[in-house]
Amino acid sequence: MKNLKKMDKEVYAALAGEIKRQAEGLEMIASENYVSTAVLEALGTVFTNKYSEGYPGNRYYGGQEYTDIVETIAINRAKKIFGCDHVNVQPHSGAPANMIAYSAVLKPGDKILGMDLSHGGHLTHGHPVTLSAKIYKFVRYKTDTKGKIDYDALEKLALKEKPQMILAGFSAYTRNLNYKRFRQIANKVNAILMIDIAHIAGLIAGKAIPNPVPYFDIVTTTTHKTLRGPRGGMIMCKAKYATAIDKSAFPGFQGGPHMNNIAAKAVAFSEALKPEFKKYAQQIILNAKTLEKELKSYGFKIMFGGTDNHMVLVDVFGSKGVTGKEAEIALDKIGITINKNMIPDDSRSPMDPSGVRIGTPALTTRGMKEAEVKKIANWINAAIENHKDKKVLDIIRKEVIKLCKKFPLNR
Ligand SMILES: *Cc1c(COP(=O)(O)O)cnc(C)c1O
């Protein structure tokens, strides 16, 4: 970083601070991860200089010998990981990937049946504040009292509402989905079936949970969550939707692709194809299940009856009388980063909900296993129970730094 350091002291100082923050804190936001040095290197390359509107072999500008190579590598590796017919690696991130997918196959005013947001769905699945909610009509399915998706209710709702699209996928739901049942319901009402695997793509790539690709018409994802690549998005689909998806991405929604980012996606995909990545994905889940068990033993109520994936949703208000916001602040003080989160049909507000969402992908990347997670669960409990006691929080903060130093970031 010697040029940056000389050229721009302000940005360099902020970067240095962020490097230290990441090194000395425990990242437990379920959507975050630490990329490898190879991915970082690919991001910081001259591929950022290039305009490449279009697709490999069919671009608007000249000089595409190497961009074509790198985008084709990314495409082929993604196909190998997920077994999809077609993939578009150009979406800048998860939210644009979803807009691109909706507008590829739907008309304004069409109906999408998606998961209720307080039951785990994502903002881009039709939260009233989003553009997609202004264009499409969203209706909602929910989880039952045991925390599983109520597929019979979903089927009834689909028969009544006759949506053009049924949307699966989530940001704060912790159970595996019944892909087959989604397919049967979509067939009954002749709806396009889409799934957003933004959170779980890495677990699927590592074969730690089942792959939805065979069952769904369209699969959108981010590349930076469990998949552990650069910040970005991606759309996979059946061959019959390939042209519509590509046209919708460019020129429909985006301009030039970010080629440095696509190069970094290709590098991350090569990592995801290695045998070590299978172990990584399995360990993420083992760590999450350990966290679930330990937090339960401290009297926390775990939503959805437990976890099958990389995170737990905890009702901290119902368990300890501490709000999600208070818990988030207390954990920040000990250097554990998490986020407050609504629980199903939360009676509290989104800015100060009843729950917190806690994930294990990032600390698993650092090499932490069950023994470390047990310690962490103990600290989480102690910090929440003593959230007003600065002395206790300071003592735990020191312990967190000690653990982080044992598991450094650079790989
Ligand atoms: C994170 C997420 C997104 C949005 O991704 P961004 O890269 O933040 O735009 C979309 N869908 C789901 C399910 C997500 O979890």
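Predicted model: local features only at pLDDT ≥ 70, side-chain atom pairs only at ≥ 80, totals over all residues.
Colleague: Okay, ligand first. Which residues come nearest to it?

Modeller: There are 14 residues around the ligand, and the nearest are Ser 93, Ala 95, Asp 196, His 199 and Lys 225.

Colleague: How does that shell divide into nonpolar, polar and charged?

Modeller: Nine of the shell residues are polar, three are nonpolar and two are charged.

Colleague: And which helix gives the most to the shell?

Modeller: That's helix H5, residues 94-105, which puts three residues into the shell around the ligand.

Colleague: What does the ligand get from the backbone of Gly 94?

Modeller: A polar backbone atom of Gly 94 sits 3.0 Å from an oxygen atom of the ligand.

Colleague: How much of the ligand's area does the protein bury?

Modeller: The protein buries 85% of the 380 Å² that the ligand exposes when taken alone.

Colleague: Switching to salt bridges. How many are in the whole structure?

Modeller: A search of the whole structure gives 19.

Colleague: Let's do a few. What's the distance in the one between Glu 292 and Lys 296?

Modeller: The closest N and O atoms of Glu 292 and Lys 296 are 3.0 Å apart.

Colleague: Why are those two about one helical turn apart?

Modeller: Because they're four residues apart in helix H12, which covers residues 275-297.

Colleague: And how covered are they: is Glu 292 buried or exposed?

Modeller: Glu 292 is buried, at 12% relative accessible area. Lys 296 is partly exposed, at 42%.

Colleague: What about Asp 110, which residue does it form a salt bridge with?

Modeller: Lys 107, with 4.0 Å between the closest N and O atoms. Asp 110 counts as buried because its relative accessible area is 9%, under the 20% cut-off. Lys 107 is exposed, since its 56% is over 50%.

Colleague: Where do Lys 340 and Glu 328 sit?

Modeller: Their side chains meet in a salt bridge, 3.7 Å from N to O. The pair links distant parts of the chain, twelve residues apart: Lys 340 is in strand E14 (residues 339-341) and Glu 328 is in helix H14 (residues 324-334).

Colleague: Glu 328, buried or exposed?

Modeller: Buried, as its 19% relative accessibility is under the 20% cut-off. Lys 340 is partly exposed, at 22%.

Colleague: Which residues are linked in a network of salt bridges?

Modeller: Asp 152, Glu 155, Arg 181 and Lys 188 are linked that way.

Colleague: New topic, the surface. Which residues form a nonpolar patch there?

Modeller: Tyr 51, Tyr 60 and Tyr 61, and together they have about 390 Å² of accessible area. Tyr 51 is in the loop between helix H3 (37-43) and strand E2 (54-55), and it's partly exposed, with a relative accessible area of 48%.

Colleague: Now Asn 88. Where does it lie?

Modeller: In strand E4, residues 86-88. Asn 88 is buried, at 1% relative accessibility, and its side chain makes a 2.9 Å polar contact with the side chain of Tyr 55.

Colleague: And Lys 238, where is that found?

Modeller: Lys 238 is in the loop between strand E10 (233-237) and helix H10 (242-253). It's partly exposed, at 24% relative accessibility.

Colleague: How far is the C-alpha atom of Lys 238 from that of Val 87?

Modeller: They're separated by 9.0 Å, although the two residues are 151 residues apart along the chain.

Colleague: Last one: what does the side chain of Thr 364 reach?

Modeller: The backbone oxygen of Thr 360, at 2.6 Å. Thr 364 lies in helix H15, residues 361-365, and it's buried, with a relative accessible area of 6%.

Methods: Residues numbered from 1 in each chain as written. Heavy atoms only, no water. Near = heavy atom within 4 Å. Polar contact = N/O pair within 3.5 Å; in protein donor to acceptor, adjacent residues only side chain to side chain. Areas by Shrake-Rupley, 256 points an atom, 1.4 Å probe, with all protein chains shown as cover. Nonpolar A, V, L, I, M, F, W, Y, C, P; charged D, E, K, R; others polar. Patch = residues over 30% accessible without salt bridge, like charges linked within 9 Å, V, L, I, M, F, W, Y side chains within 5 Å. Buried < 20%, exposed > 50% of the residue type's maximum accessible area, 1.4 Å probe, protein only.
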